[in-house]
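Please keep the sequence and the three-dimensional view at hand while reading.

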Amino acid sequence: MTKDEFLALVLRNPINEVLARELETLAPPAWIVSGCLVQSVWNALTGRAIDYGIADYDVFYFDGDTSWAAEDAVIRTVEARIGGLGVKVEVRNQARVHLWYPAKHGMPYPPLARATEGIDRFLTANTMVGIRRAGEAYEVYAPHGFDDVARLIVRPNPGPNFSAANYAAKAARWKALWPELTVLSA
């Protein structure tokens with residue numbers, strides 16, 4: 001699968017397109033990431049409703065202001081722009097993740113220097129993707145490409161915050177929704 005093929009399938013989901021348009025003017029710039037992109041592609045490839053199984057739409061940005069007040073202001077801005085879409089959107093400042101991740105997940109999380117580093121740390125290699133609008137075009141971040149997405153393969157991404165238990169739980173949820181998936185062991 002090429003970048004353009006991936007993007008065309010992702011944008012069949014109108015939520016991804018509307019969200020990208022609304023985020024384009026957000027400061028700092030934000031990425032739509034992970035499951036809502038990959039699962040839109042899986043749905044297109046397997047003939048399901050384009051929004052089937054998508055629990056939420058994740059948005060990453062990076063801002064050196066690591067206060068909760070600053071992140072909350074961005075969350076509220078995004079909610080105001082897309083609240084009428086009727087979907088759950090989770091907005092996270094990647095500069096803050098190391099502050100709350102250890103308490104939530106019981107393991108350390110080294111600080112990040114940019115939003116795409118958060119994408120690099122996903123539990124699965126196939127979800128290491130992000131998109132954002134740039135004028136009339138889209139930027140696409142996909143350090144491992146699109147082969148696993150196209151072939152419906154779920155592969156672990158062993159990294160600094162990898163948890164085999166969390167990977168197994170995520171993969172089991174996905175396999176129940178998309179039985180066509182091939183889940184590789186951690």
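Contact here means heavy atoms within 4.5 Å. Leaving out residues up to four places away in sequence, Phe6 touches Met1, Leu37, Val41, Val129, Ile131, Val140, Phe146 and Val149. The model is predicted.

**Nonpolar cores**

- The largest nonpolar core holds 42 residues, and Phe6, Trp42 and Ile131 are the ones that touch the most other members.
- Helix α3 supplies the largest share of this core, namely six residues.
- Another core lies apart from the largest one and has eight residues, including Trp31, Ala115, Ile119 and Ala125.
- As a general background, nonpolar side chains in soluble globular proteins tend to be buried together.

- Strand β4, residues 130-134, pairs with β5 in the antiparallel sense, and five bridges link the two.
- Within this pairing, Ile131 has Val140 of β5 as its bridge partner, while Arg133 stands opposite Tyr138 of β5.
- Ile131 and Val140 are also both among the residues touched by Phe6.
- The hairpin of β4 and β5 has two residues between its strands, and Gly135 takes a positive phi near 70° there.
- Strand β5, residues 137-141, has a covered face made of Tyr138 and Val140, whereas Ala137, Glu139 and Tyr141 form its uncovered face.
- Strand β4 is mostly covered, with four of its five residues buried.
- Strand β1 is antiparallel to β4 and is joined to it by two bridges; Val33 stands opposite Gly130 of β4.

**Strands β2 and β3**

- Strands β2 and β3 run parallel and are joined by five bridges.
- Asp58 stands opposite Glu90 in β3.
- On β3, the covered face consists of Val89, Val91 and Asn93, and the uncovered face consists of Glu90 and Arg92.

**The largest pocket**

- The volume of the largest pocket is about 900 Å³.
- Its lining comprises 28 residues, and those nearest the centre of the pocket are Asp58, Glu90, His105, Phe122 and Lys170.
- Two or more lining residues come from each of α3 (35-46), β2 (57-61), β3 (89-93), α5 and α8 (164-177).
- Helix α5 gives the most to this lining, with five residues.
- Sorted by class, the lining contains 10 nonpolar, 10 polar and eight charged residues.

- Leu99 belongs to helix α5, which spans residues 97-105.
- Leu99 counts as partly exposed because its relative accessibility is 47%, a value that falls between the 20% limit for buried residues and the 50% limit for exposed ones.
- Leu99 and Thr66 are 33 residues apart along the chain, and their C-alpha atoms are separated by 8.7 Å.
- Asn157 is located in the loop between β6 (153-154) and α8.
- Asn157 counts as buried because its relative accessibility is 13%, and buried means under 20%.
- Leaving aside neighbours within four places in sequence, Asn157 is in contact with Asp120, Arg121, Phe122, Leu123, Thr124, Ala125, Met128 and Phe162.
- Among these contacts of Asn157, Phe122 is one of the residues nearest the centre of the largest pocket, and Ala125 is a member of the eight-residue core.

**Backbone features**

- Most residues other than glycine have a negative phi, and most peptide bonds are trans.
- Ser34 has a positive phi of about 70° although it is not a glycine. This residue is placed in the loop between β1 and α3, and Ser34 is buried because its relative accessible area is 9%.
- Leu152, likewise not a glycine, has a positive phi of about 60°. The loop that holds Leu152 lies between α7 (147-150) and β6, and Leu152 is buried because its relative accessible area is 13%.
- The peptide bond from Ala27 to Pro28 is cis, with omega near 0°. Pro28 is found in the loop between α2 (14-23) and β1 (30-33).

Conventions:
Residues are numbered from 1 along each chain as its sequence is written. This is a predicted model: local features need pLDDT of at least 70, side-chain atom pairs count only at pLDDT 80 or more; totals for chains, interfaces and linings use all residues. Side-chain values use heavy atoms; hydrogens and water are left out. Buried means under 20% relative accessible area, exposed over 50%, partly exposed in between (1.4 Å probe, protein chains only). On a 1 Å grid over the protein atoms alone, a cavity is a set of points where a 1.4 Å probe fits but cannot get out, and a pocket is an open set with protein on both sides within 12 Å along at least five of seven lines; lining residues have an atom within 4 Å of a point. Grid points are joined across faces, edges and corners, and a volume is the space filled by probe spheres set on the points. Ala, Val, Leu, Ile, Met, Phe, Trp, Tyr, Cys and Pro count as nonpolar, Asp, Glu, Lys and Arg as charged, and the others, Gly among them, as polar. A nonpolar core is a set of buried Ala, Val, Leu, Ile, Met, Phe, Trp, Tyr and Cys residues joined through side-chain atoms within 4.5 Å. Two strands pair if DSSP finds at least two bridges between them.
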